[in-house]
Amino acid sequence: MIRLLAALLLLALPANAADFSEAERAALLRHGPWPLPIERDDSNRLSGSTAAIQFGQALFFDAKLSAKGDMSCATCHQPARRYSDHEKGRGEFLRNAPTLLDIRWNRWFGWDGAQDNLWSQSLRPLLSAAEMAATPKLIADHIRKDEGLSCRYRAATGSAPEADDDVVAVMASKALAAFQETLVSGPAPFDAFRADLAANRTSSLNEAAQQGAKLFVGKGQCAICHIGPGFTNREFHDIGVPYLLRPGLVDPGRHLGLRRLGESKLTRLGPFSDDPARESVTTRHVTLLHRNWGEFRVPSLRNLVGTAPYMHNGSKATLRDTVLHYSELNEERLHADGERLLKPLNLSDQEIDALVAFLEALSGPAPAEPTALPACKP
Ligand code: HEC
Ligand code: HEC
């Protein structure tokens, strides 16, 4: 009886920084500090401008930008749900709407990386037949006719919305991007734990999550892909999530994303980019390869609490289901060359709980909804 009590007491006590090996400590410290440095987007001349952020916020909640007038960005990216929704799949390939928090640090946009910048990613749902189904003309006409929006357009861009429809629509998407750049998540329990680890202090993070931390950088090998302060290597992998939509139709993932990127005029290299020196284009490996079939972007693991379901197709309802995916991995589903490192982890119930507790510790408090906009004075 006394031994049982002692064991229970031990479980309840916070673990000591000394319980982590030097290798574990070094691996965990790599996941911070948070937030990452804030930099302007050179491809978007409206990036960081207050007037553009306000214009973008007004657009984000405006259902008149959709063909039927019934859908805004916030329909699928709901502020109260960390800018995601609870639907399983939306749009052309029935994909899960990701959170928009911390989107400013993405390198690629969309689960398939079909966009290399935030403004073209913001125009895509406006024009997509399966989403808002607008046209550049509908967008431009609405902005011209709406007094508030045309005032905000002028304040943000310095000219009236009289340029041709395509230019007005791209400007609107750049303002939408400027607004979304303000959606940054605050510190999570993990960040306090990491600071304690760095200072060799005892952490108050619960024991299960601390055990999960060890698994995350150790046996689970999660940190191979979910690395860095954002918990993503910002690349694409196939982890065996089924991508068959219905018999005969698959979601090609990165393979289609790269083809679309190649055809797009709205890239960092294209004529609508504001960075004439193309300095924002870092060397990016974008050769289309067979292995890109069925690859999807490694998502950030911040903000998982409240953004269920998970995976590109929303096929996992809970965090426990995502961990079970790795525990019971179906190796026959893996077909890309690089993923041979993934093996079924065969985790115990206790290890599964620990990993779930760790994943939960990566979410800070949900951000407040945006405040009402001040009126625009011409
Ligand atoms: C009908 C639902 C829906 C609407 C409306 C919608 N989105 Fe999305 N959004 C999605 C889905 C689904 C994805 C994932 C798409 C993909 O990977 O192909 C997505 C992806 C994104 C991404 C990329 C996220 C990432 O992690 O790469 C951004 C940014 C975004 N949407 C912004 C917007 C903006 C801005 C609007 C309004 C102009 C908007 N969305 C309207 C469903 C929607
Ligand atoms: C080989 C790279 C790789 C490894 C290793 C890896 N992941 Fe992932 N992870 C991904 C990719 C890619 C996705 C998205 C897959 C998809 O949607 O088809 C993902 C998705 C997820 C999601 C869903 C997030 C969301 O917002 O939908 C969670 C949670 C997750 N991983 C946790 C883990 C954990 C825990 C481990 C270790 C047990 C791990 N991952 C190991 C690449 C990896």
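View 1. The domain assignment, automatic or from a database, divides the chain into domain 1 (12-36 + 186-360) and domain 2 (50-180). The model is predicted, so local features need pLDDT of at least 70 and side-chain atom pairs count only at pLDDT 80 or more, whereas totals for chains, interfaces and linings use all residues. Residues are numbered from 1 along each chain as its sequence is written, and side-chain values use heavy atoms, without hydrogens and water. Taken over C-alpha atoms, the centres of domain 1 and domain 2 are 26 Å apart.

**View 2. The area buried between the domains.** In domain 1, 40 residues are in contact (heavy atoms within 4.5 Å) with 33 residues of domain 2. The buried area, which is the accessible area (1.4 Å probe) that two parts lose on being put together, summed over both, is about 3400 Å². Carbon and sulfur atoms give 54% of this area. Arg 234, Leu 266 and Arg 297 supply 18% of the area that domain 1 buries against domain 2, more than any other three residues.

**View 3. Salt bridges across the interface.** Three salt bridges (a side-chain nitrogen of Lys or Arg within 4 Å of a carboxyl oxygen of Asp or Glu) are counted between domain 1 and domain 2. Asp 251 forms a salt bridge with Arg 95, with the closest N and O atoms 2.8 Å apart.

**View 4. Elements on the domain 1 side.** Helices (H or I, at least four residues) and strands (E, at least two) are DSSP runs, numbered from the N terminus. On the side of domain 1 that touches domain 2, α11 (254-263) and β4 (296-297) each supply at least two residues. The most comes from α11, with five residues.

Methods: Chains lettered and ligands numbered in written order.
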